[in-house]
Structure formats: C-alpha cells, structure tokens
Amino acid sequence: MKQLLLPSLICAALLAGSAAAAQTPAPAKEPAAATEHPLRLWEGDAPFAKGKTPQDIPTLQPYFPDRAKRPIPAILICPGGGYGGLAIGHEGKDYALFFNQNGMAGFVLRYRLGSRGYRHPVMLTDVSRALRTIRANAEKWGIDPKKIGVIGSSAGGHLAATLLTKFDNGNPSAPDPVDRVSSRPDFGILCYPVITMEKGVTHWGSRCNLIGKDATPELVKELSAELHVKPDTPPCFLWHTAADRGVFPENSIRFARALAAQKIPFDLHIYQNGGHGIGLRAKYPFQNAHPWSRDLVFWLKENKIIPK
C-alpha cells in the first residue's frame, strides 16, 4: 500500500509546489534614480583635489519619491566604509529608497576617502558642500529648505556627526551662490556611528584614514564629535546594537550624553542583537526591515518632519 501511495503523494506535492510558485508575487521593482548620472558638487576640480579620476570627484545621486506633495523633506546620505571605502548600496541607495517610501527625497553622497590619500578637512568640505547644494536647489527640486537632514552609518555617521557640530551659515559674499547658503542640517540620524577619535573607543581604521595614525592630541579632540555639541546642534536620532564589536555602542552613548547636556532633543536606541553595518537588514520594498526603521519613522512624525 505504501508503494502505491508514494508516487501519488509525490505528484500531489509537486502540484502543490507548482501552484504555490505560480501564486508567488514577482519581486517588487526598484524605482529608478531621479537622474541618470550623479551630480558633481563642483563644476571644476573640487578643493584639495589630487587628480581627475572618479575617486577625486565628490558627487550626489538624487532619488525622489514618485508621488509626494511638494515641498518635501530631504535627507543627505553618508554611507559608511571606514573612510576607506563606501557602502554605497545597503547604506546608500537602500536608505534613499526607504526615505522615498516615506515621502522624502534622498541624496547619496560619494565623498573622498583616506584610501585615496585624502584627510580631514576634505571629507567635511565634501559633506558641507553637499548639504548646501541640496538647500540651494530646494525650490527647483521641490524640497522644503527647512527640512533637510543628514544620515550616516559607521564612519559615515562620524561624517554626519561632524557636520552636525561644525556647520556654518554660509558666506553671503561668496561668488558661488551655493556657498552663500547654510550647511546646517535640520536634523540628524546616526546609525552605529563612529563618534570619538579616542583610542580604545574609536574605530581605529576610520581614525587612521581620517586624521592619520600619528594624529596630534589636538586633532583627535577636534574630530571627536561629542566634544563639539553646542546649543544649536540639530535634534538627532541615534541607534546602535549592544552586540556591535566593529564600532562600540559607547560612541552613540557619548554623543547622546553630549546632546542631553545641551538640552538638544534626541532619541537613542540600543538594540540587544545585531552586528555592525547591518543597514536596514532588508531589501526593497523593506517589509522586514530592522525595527530601527519603524522607530525612526515614528520619530520623524513626532518631530513634524513627515506628516503623521
């Protein structure tokens, strides 16, 4: 009897599998970027440029939501990579598409790197120019100039934190109109960020690529973002995982402590599990993204950056 039933059971299983496969929806197609080519931050050579290769040319790649009532909020995205590379996919493009889903424009920044011989202040020069570029083009792009934030992951989080503490109001007499506008972000989002340059807490590779392995104590202090939070530092959302051994959660805790000392509004989330560099931990359309993404959307709504 078992020998007679077995082929029937196999056929039934195959038929059921075929039916299930037929009912499985096709993967969602990612929307296209708003522009075919990235935007150069400077028409000619960038300040401090060492050459004319793509690695010497900082750029912005815009992503806009298909349907959103203008003007919309925008976010400048700084991928991580230890200041030696760029995680342009899961900490760049994926973030942009996620923000598009929530009615925001995303701009992925390719900044210059220590692995190409660049050191501070080159990276700060690039991120400052990028924020100014978004704000200077706000009307053309349908962006609210008072709702432009910055997000960064790992070393990109350090770059974002540096901008959050070292922005300026622009130079009203500058011949370039982009340089006349403020580089101040209106809010910040820091994902498992490198914050301090202090030995034992910092990410050593990021420190070496940014300021060199023999940096002076003065330069270490200058690039430790927790030491430069001030009363006009923007509100921030920070998250880390307790299990992160790439960049210790103490980095986020130090920045949150500095924000609290200045009475700057912030959210700090330390999740129990997860390693370093996990991003959203999901691909478009992000149904199973890490809970930090839902906590962030709640924070954005509470702070009236996106509508409730």
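Select L39 to begin: in this predicted model, L39 is partly exposed, with a relative accessible area of 27%. That value lies between the 20% under which a residue is called buried and the 50% over which one is called exposed. L39 belongs to strand β1, residues 39–40. Leaving out residues up to four places away in sequence, the contacts of L39 are P58, T59, L60, P62 and W141.

Move on to R70 and P71, which are joined by a cis peptide bond with omega of about 0°. P71 sits in the loop between β2 (59–63) and β3 (72–78). Most peptide bonds are trans.

A further cis bond can be found by selecting Y284 and P285, where omega is near 10°. P285 is in the loop between β8 (266–271) and α9. Stay in the loop between β8 and α9 and select F286. Its phi is near 70°, a positive value in a residue other than glycine. Is F286 buried or exposed? At 6% relative accessibility, F286 counts as buried.

Now select Y192, in the loop between β6 (188–191) and α6 (204–211). Y192, again a residue other than glycine, has a positive phi, near 35°. With a relative accessibility of 1%, Y192 counts as buried.

Turn to the helices by selecting α2 (residues 89–101) and α9 (residues 291–302), which pack at an angle of about 45° with their axes 12 Å apart. That angle makes α2 oblique to α9, and their crossing is right-handed. To view the contact, display Y95, F98 and F99 of α2 together with W292, S293, L296, V297 and L300 of α9. By class, this contact has seven nonpolar residues, one polar and none charged.

The last stop is the interior. In soluble globular proteins, nonpolar side chains tend to be buried together. The largest nonpolar core has 53 residues, of which L76, F107, L109, I143 and F255 touch the most other members. Helix α3 (residues 122–136) supplies the largest share of this core, seven residues. Centre the view on F255: beyond its neighbours within four places in sequence, F255 is in contact with A161, T165, L190, I195, A225, E226, V229, C236 and L238. Finally, select A96, V108, Y192 and V297, which are among the members of a second, separate core of 29 residues.

Note on methods: Residues are numbered from 1 along each chain as its sequence is written. This is a predicted model: local features need pLDDT of at least 70, side-chain atom pairs count only at pLDDT 80 or more; totals for chains, interfaces and linings use all residues. Side-chain values use heavy atoms; hydrogens and water are left out. Axes are lines fitted to C-alpha atoms, for helices over the stretch in contact, and angles run from 0 to 180 degrees between N-to-C directions. Helices (H or I, at least four residues) and strands (E, at least two) are DSSP runs, numbered from the N terminus. Angles under 35 degrees count as roughly parallel, over 145 as roughly antiparallel, 65 to 115 as roughly perpendicular and the rest as oblique. A crossing is left-handed if the near helix is turned anticlockwise from the far one by less than a right angle, and right-handed if clockwise. Contact means heavy atoms within 4.5 Å. Ala, Val, Leu, Ile, Met, Phe, Trp, Tyr, Cys and Pro count as nonpolar, Asp, Glu, Lys and Arg as charged, and the others, Gly among them, as polar. A nonpolar core is a set of buried Ala, Val, Leu, Ile, Met, Phe, Trp, Tyr and Cys residues joined through side-chain atoms within 4.5 Å. Buried means under 20% relative accessible area, exposed over 50%, partly exposed in between (1.4 Å probe, protein chains only).
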